[in-house]
Amino acid sequence: MNDSLQNAYIEETTELLSELEITLLAVEDAPTDTELIAKLFRALHTIKGSSAMFGFDDIAMFTHDIETAYDLIRNGKLLVTKQIIDLTLLARDEIANMLAKTGGKSRSNEGNTKKIIESFREIVSGYQTAEKPSDTNVSISKPISEKQPDTAWQLYYIRFVPSKDLFLTGTNPLMLIDELREMGDLAVSAFVDKIPAFENFNPESCYCYWDILIRTQVKIDTIRDVFIFVSDSSELTIENITKEIGNVSEIDFVKLQESISADSNFHTHSLRSLIKTYYSPSLAGVSEPLNDRNLLNERTPLNDRLHTAAKQNQQTAAEHAEADSQASIRVNAGKIDELVNLVGELVTIQAQLSENASRQEDQVMITIAEEVERITWALRDIGLNIRMLPIGTTFSKFKRLVRDLSRELGKEVELTTDGAETELDKTVLEKLSDPLVHIIRNCIDHGIEMPDVREKVGKDRVGKVHLTALQSGGNVLIQISDNGAGIDKQIIKEKAIQNGLVSESAELTDAEIYSLIFMSGFSTAKQVTNVSGRGVGMDVVKRAIEALRGVVEVESTLGKGTTITMKLPLTLAIIDGLLVKIGDDSYVLPLSSVEECIELSRADIQKAHGRHIVNVRGSIVPYISLRERFGITSERPDIEQVVIAAMNERSIGFVVDQVLGQHQTVLKSLGKYYKNVEGVSGATILGDGTVALILDIKKLIEREELEEKN
Amino acid sequence: MPKTIMTVDDSASVRQMVAYTLRDVGFDVIEACDGVDALTKIDKAVFSLIITDLNMPRMDGITLIKELRANPKIKFTPILMLTTESQNESKLAGKNAGATGWIVKPFKPEQLVAVVKKVVG
């Protein structure tokens with residue numbers, strides 16, 4: 001089996017499993033929705049079918065019993081119960097395990113699967129009708145015309161009288177005869193006596209029937225298999241007449257067929273009786289008379305006509321055959337990455353072209369460069385767009401999470417979503433899943449109160465968690481809000497002081513207090529539960545979001561609820577940057593964080609008495625001199641530039657020599673040797689071919705703060 | 001010119017497996033994901049064979065077979081249905097609707113080729 005097919009199977013099954021989950025949860029709310037139930041059945045059916053096909057027999061066998069239950073439900077013989085849904089959800093997880101763990105080739109947890117299967121069998125046991133006797137003709141488990149050598153040659157007589165409607169099932173009877181021909185020596189006689197008079201003749205009906213003699217070593221079942229598709233609608237006789245004839249090896253089939261074709265007598269007599277007459281033991285060797293009867297015969301032309309017609313049909317088929325373009329195709333994500341990467345290179349080269357063209361002031365070149373630029377940008381947009389996926393697929397996963405978690409904790413929680421169609425880069429989406437899980441877990445565990453507590457404070461018993469996604473500029477905002485207890489700032493602060501995260505005298509803003517929950521080792525849960533309270537989680541969330549070049553913020557009102565907002569870039573492949581220069585080197589600052597640029601003269605520095613602060617319209621903004629940070633020794637210009645960036649509601653400046661302008665760049669990683677370098681998130685190649693480092697503003701600030709503290 | 005076969009299945013992996021196998025032995029293959037999709041693609045080529053799954057969203061295989069048989073262009077074209085052993089009833093329904101034959105899932109590539117060769121030659 002070819003690998004890409006197997007991958008297609010795994011991908012498809014994974015998709016079906018998530019569809020199964022979503023549908024199950026929907027069925028829980030609408031247990032009689034036949035459409036949903038049909039969908040469930042279909043998903044299970046396809047999983048079973050393709051698993052068996054691709055050699056994942058365990059999954060196929062496991063799914064079979066579940067499918068049986070849903071077949072009963074589908075036919076109205078069994079009702080959907082909570083128990084069935086629970087079991088199916090468990091089964092779904094088990095299939096996912098089987099698929100993930102050992103590539104499905106061995107059982108993940110035999111105990112579990114066994115239990116699930118037994119429960120399903122118990123459920124269906126009362127309803128299931130007796131297993132239908134399996135049709136022996138059904139299974140084509142061996143190739144049709146497989147020869148099973150027998151020691152002796154046998155002679156079979158076949159009479160095949162197809163139903164009149166044979167052609168309407170797309171069957172070509174001559175094909176069946178050709179198939180037989182491959183099994184041994186053949187003599188065929190077609191009977192045309194049933195063909196009606198012209199005025200009654202229906203060209204769509206089959207009036208012919210056939211007598212066939214075959215000398216072969218294959219078994220009678222193999223011959224029967226040839227007629228497998230027509231046997232129930234046709235009259236079919238297959239008899240072994242070896243004994244009646246005696247020495248069958250003496251029959252000259254070439255001569256026999258010639259005689260039949262030339263002799264009109266044959267189409268009124270059974271081939272069986274004729275062969276008996278000429279080849280029965282007493283008359284062995286009397287084949288000569290057949291050759292003499294060269295009478296007129298209308299069968300052969302008819303046969304020819306059929307053949308010719310069939311050939312013509314095939315020819316036109318071939319002529320019209322064209323390659324088809326599929327409406328949508330599945331593509332390996334790696335290929336798309338490669339495409340985006342190449343488009344990235346193209347953007348760089350195009351920038352070089354534009355730069356050179358304008359430098360040389362060559363009008364023709366400039367026009368071409370502009371065209372190339374236009375196409376490159378379009379290509380880039382399309383390339384990036386291919387990677388975009390709607391966030392809804394991730395959202396739907398959380399329904400299950402919320403359901404299971406709220407049950408486990410004895411809470412009642414309803415999850416609502418908004419903006420499921422918002423699109424995000426595939427990589428971002430994949431990496432977003434875990435942080436979202438953490439946040440939702442926290443919402444339910446810490447945020448939403450127990451139902452009776454909620455009632456006491458006058459809230460609805462059922463807590464609400466709302467997920468929203470919306471696009472804003474080059475970013476996607478994802479909000480998770482709950483109407484639970486909210487965050488108690490006092491408790492957070494006390495806990496932080498207790499853990500030594502802040503000093504007792506520290507004056508903290510709300511934002512700063514909330515940001516404490518993202519610090520490692522912080523948990524206010526009174527009790528460590530399965531769900532949360534180990535103090536891992538929110539710091540992991542923050543790191544994951546930052547790795548995606550995003551930010552996460554918390555807002556909360558005590559008693560009313562909490563809202564966590566994540567701001568993420570649409571894509572990781574390209575960033576809008578501000579190109580700056582320090583000495584001879586170029587750097588890129590992410591434009592999304594940049595607020596403004598101002599000048600910094602020697603006089604300004606003197607005014608601040610050497611401290612790294614600058615006055616921006618009355619407010620004091622600290623700055624980091626990148627020249628000092630990076631140890632650049634070239635001569636400092638008289639007037640420098642300060643790029644003011646915003647981070648955590650604070651402004652901070654970065655001093656550079658020169659601001660060159662906006663620059664959209666393709667992000668390239670620095671490779672494994674430099675991946676731990678702090679303050680640099682990647683690199684890009686500029687139009688003139690030089691490399692510019694992309695600065696990680698956040699890390700630079702953190703580093704500076706750390707050094708200041710020490 | 002190779003003969004063209006259409007494979008209709010909502011399971012992309014099965015469809016691809018069928019397509020891959022048949023292309024490997026020299027057929028042209030056009031894929032469709034369900035009955036509705038199949039009907040929209042039916043004029044794209046002159047098909048020598050149509051292989052369809054039975055259980056599909058939007059339009060199931062039996063309905064598709066009936067629709068195809070009502071189309072003068074497809075009236076005499078062989079149609080194979082993909083069934084599982086448990087689907088004897090639908091197999092019968094398919095035959096009555098005008099299917100030429102069936103292939104039982106799961107099948108191996110060589111079994112598929114054998115059945116296809118049987119009906120298209």
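## Close-up views of a predicted two-chain model

**View 1. A:L44 sits in helix α2 (residues 34–53) of chain A.** Helices (H or I, at least four residues) and strands (E, at least two) are DSSP runs, numbered from the N terminus. This is a predicted model, in which local features need pLDDT of at least 70, side-chain atom pairs count only at pLDDT 80 or more, and totals for chains, interfaces and linings use all residues. Residues are numbered from 1 along each chain as its sequence is written, chains are lettered from A and ligands numbered from 1 in the order in which they are written, and side-chain values use heavy atoms, with hydrogens and water left out. Is A:L44 buried or exposed? A:L44 is buried, because its relative accessible area is 1%; buried means under 20%, exposed over 50%, and partly exposed in between (1.4 Å probe, protein chains only). Not counting residues up to four places away in sequence, A:L44 touches A:L20, A:T63, A:I66, A:E67 and A:Y70, where contact means heavy atoms within 4.5 Å. A:T68 is 24 residues from A:L44 in sequence, and their C-alpha atoms are 9.5 Å apart in space.

**View 2. Helix α16 (residues 426–447) of chain A has 22 residues.** From its first C-alpha to its last, helix α16 reaches 30 Å, close to the 32 Å expected at 1.5 Å a residue; the expected span is 1.5 Å times one less than the number of residues. Where is the kink in α16(A)? Look at A:S433, shortly before the proline A:P435, for a kink of about 30°. The bend at a residue is the angle between axes fitted to the seven residues ending there and the seven starting there.

**View 3. Five strands of chain A form an open sheet with mixed pairing.** Their order is β14-β17-β18-β16-β15, and two strands pair if DSSP finds at least two bridges between them. The edge strands, β14 (594–601) and β15 (613–616) of chain A, each pair on one side only.

**View 4. Here β15(A) meets strand β16 (residues 619–625) of chain A.** The two strands run antiparallel and are joined by four bridges. Follow the pairs across: A:N615 faces A:I620, and A:V616 stands opposite A:S619. The hairpin has two residues between the strands, and A:R617 takes a positive phi near 45°. On β15(A), A:V614 and A:V616 make up the covered face, while A:I613 and A:N615 belong to the uncovered one.

**View 5. Five strands of chain B form an open sheet with parallel pairing.** The order in this sheet is β2-β1-β3-β4-β5. At its edges are β2 (28–32) and β5 (101–105) of chain B, each pairing on one side only. Strand β1 (residues 4–8) of chain B runs parallel to β2(B), with five bridges between them. In β2(B), B:D28 is the bridge partner of B:T4.

**View 6. The largest nonpolar core has 84 residues.** A nonpolar core is a set of buried Ala, Val, Leu, Ile, Met, Phe, Trp, Tyr and Cys residues joined through side-chain atoms within 4.5 Å. Which residues have the most contacts inside this core? They are A:Y70, B:L22, B:I50, B:I51, B:L80 and B:V116. Leaving aside neighbours within four places in sequence, B:I51 has contacts that include B:I5, B:V18, B:L112 and B:V116.
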